[in-house]
Amino acid sequence: MTAKPRKQVHLAAHFPGVNNTTVWADPASKSQVEFASFEHLARTAERGLFDFFFLAEGLRLREHRGRIHDLDVVGRPDTFTVLDALAAVTDRLGLAGTINSTYNEPFELAKQFAALDHLSGGRAAWNVVTSSDAFTGENFRRGGYLEHAQRYRRAAEVVEASRALWDSWPADALVVDRERGVFAREIPATSFHSTQFDIEAPFVTPPSPQGHPVLLQAGDSDEGREFGARTADAIFTVHGTLEAGQRFYADVKGRLAKYGRGHDELLVFPAATFVLGDTEAEAHERARHIRYQQVSPQTAIAFLEQVWGRELSGYDPDGPLPDVEPDATSEITRGRVRHTKDPLAVVKSWRERAEAEGLSIRELVIEVTARQQFIGTPGQVAAQIDHYVQSDAADGFILVPHLTPAGLDEFVDLVVPELQERGSFRTAYTGTTLRDHLGLRHPHHRTAAEGARAS
């Protein structure tokens, strides 16, 4: 019986911030705005032979009780500005930007990502996200918001329009003349019509090295999974256990066939954190300390206020949960929050858990905000990551360090060699583009039949 081939682990580096992971108060935490921080993390990831650097973005700063949310970053540079600059200081690392499809137009997005792909030599990736809240919409002329199903419909049309633009140049469009320089033949107009867009114009940018930038998608809902299976090259997700990861992995991979896609044409990347120690006990003690840094007493109360819709500053973070009921109509927090369910149901389940486990407010918040976390010695963490990948719970992980920008350094120095020793991680880049790193086909290799099934 032939042994199952060993899967290769894929790794990406998430620039921390705008999350519940970053430890702002640690003396080792540096600027979230200065380019040196972005450059340090990107160079570290490339030194570790990672697939790509991942940058999140928000279109409006969240507000809590009339003040900017303390986990948002004020003044962070524009995503494309940062990634274009990183293209000049890296050689092989993929560069992924989170750009919203709800409030941006496909012509501009297609041009910006094609430019990044050219400038980087074929390393661009687009994390396609949507937005459904009117709070964010107030920043845009169209305003308002889209219902859940509508925003995925718009996202699909944005992606299809962008692909039509990327594919619009014929193979012989560029002509080289030594006397007159490089010029283009007449480029046919891109003709794309949908419920949202009517585009009739030639595209301004020639085909880029990857043809299409790699497309990532973040979304765990049924609509999000279906959109990812139909459209994305990789899915950015969150799950906390091996079993949950295996269920998600099987579900999204099982949706590919109806779109004419193979099992390896969509990669699954959960987000994960890590904590290392010289011994397992030391690593767990360090992880406990970090979690208490991440969830300060003030953060714990603010987190509860998002759900209760009430000011709770009079409650002791180390005491029991509030005995008052939540105000389901309150807008004490404006912008994206982590709670989309019925607050009464959330509070009921939290009270039951806190009582059963004897948890204080702060301890409960630490538990309910935990994400996938790998804890142990470098060898143990490498074994844990490898086990998830070999067990089909993931194809790799987007690592979210708790410190900016040096939080990834020890992983690259200590864990990557362990993964290489196991035969699960590359010892050198073997290609030049992000599609090469991920083992993805060039989009022009898709047949007409595949394209028809995917439409």
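Among contacts in the protein chain between residues at least 6 apart in sequence, 74% link residues that are at least 24 apart. This is a predicted model, and its protein chain has 455 residues, of which 53% count as buried. The secondary structure of that chain comes to 15 helices and 16 strands.

Helix H9, which spans residues 297-308, packs against helix H11, residues 361-368, at an angle of about 75°, and the two axes lie 9 Å apart. Because angles of 65 to 115 degrees count as roughly perpendicular, H9 is roughly perpendicular to H11. On the H9 side the contact is made by Pro-297, Ala-300, Ile-301, Phe-303 and Leu-304, while H11 contributes Ile-361, Arg-362, Val-365 and Val-368. By class, the residues of this contact between H9 and H11 comprise eight nonpolar and one charged, with no polar residue.

A search of the whole structure finds two cavities of 30 Å³ or more, and the largest cavity holds about 150 Å³ of space. Its lining consists of 15 residues, and those closest to the centre of the cavity are Thr-273, Arg-291, Gln-294, Arg-371 and Gln-373. Strand E13 (267-276) and helix H8 (280-294) are the elements that give two or more residues to the lining of this largest cavity. Sorted by class, the lining of the largest cavity is made up of six nonpolar, seven polar and two charged residues, whereas the contact of H9 with H11 has eight nonpolar residues and no polar ones.

Technical notes
Residues are numbered from 1 along each chain as its sequence is written. This is a predicted model: local features need pLDDT of at least 70, side-chain atom pairs count only at pLDDT 80 or more; totals for chains, interfaces and linings use all residues. Side-chain values use heavy atoms; hydrogens and water are left out. Axes are lines fitted to C-alpha atoms, for helices over the stretch in contact, and angles run from 0 to 180 degrees between N-to-C directions. Helices (H or I, at least four residues) and strands (E, at least two) are DSSP runs, numbered from the N terminus. Angles under 35 degrees count as roughly parallel, over 145 as roughly antiparallel, 65 to 115 as roughly perpendicular and the rest as oblique. Contact means heavy atoms within 4.5 Å. Ala, Val, Leu, Ile, Met, Phe, Trp, Tyr, Cys and Pro count as nonpolar, Asp, Glu, Lys and Arg as charged, and the others, Gly among them, as polar. On a 1 Å grid over the protein atoms alone, a cavity is a set of points where a 1.4 Å probe fits but cannot get out, and a pocket is an open set with protein on both sides within 12 Å along at least five of seven lines; lining residues have an atom within 4 Å of a point. Grid points are joined across faces, edges and corners, and a volume is the space filled by probe spheres set on the points. Buried means under 20% relative accessible area, exposed over 50%, partly exposed in between (1.4 Å probe, protein chains only).
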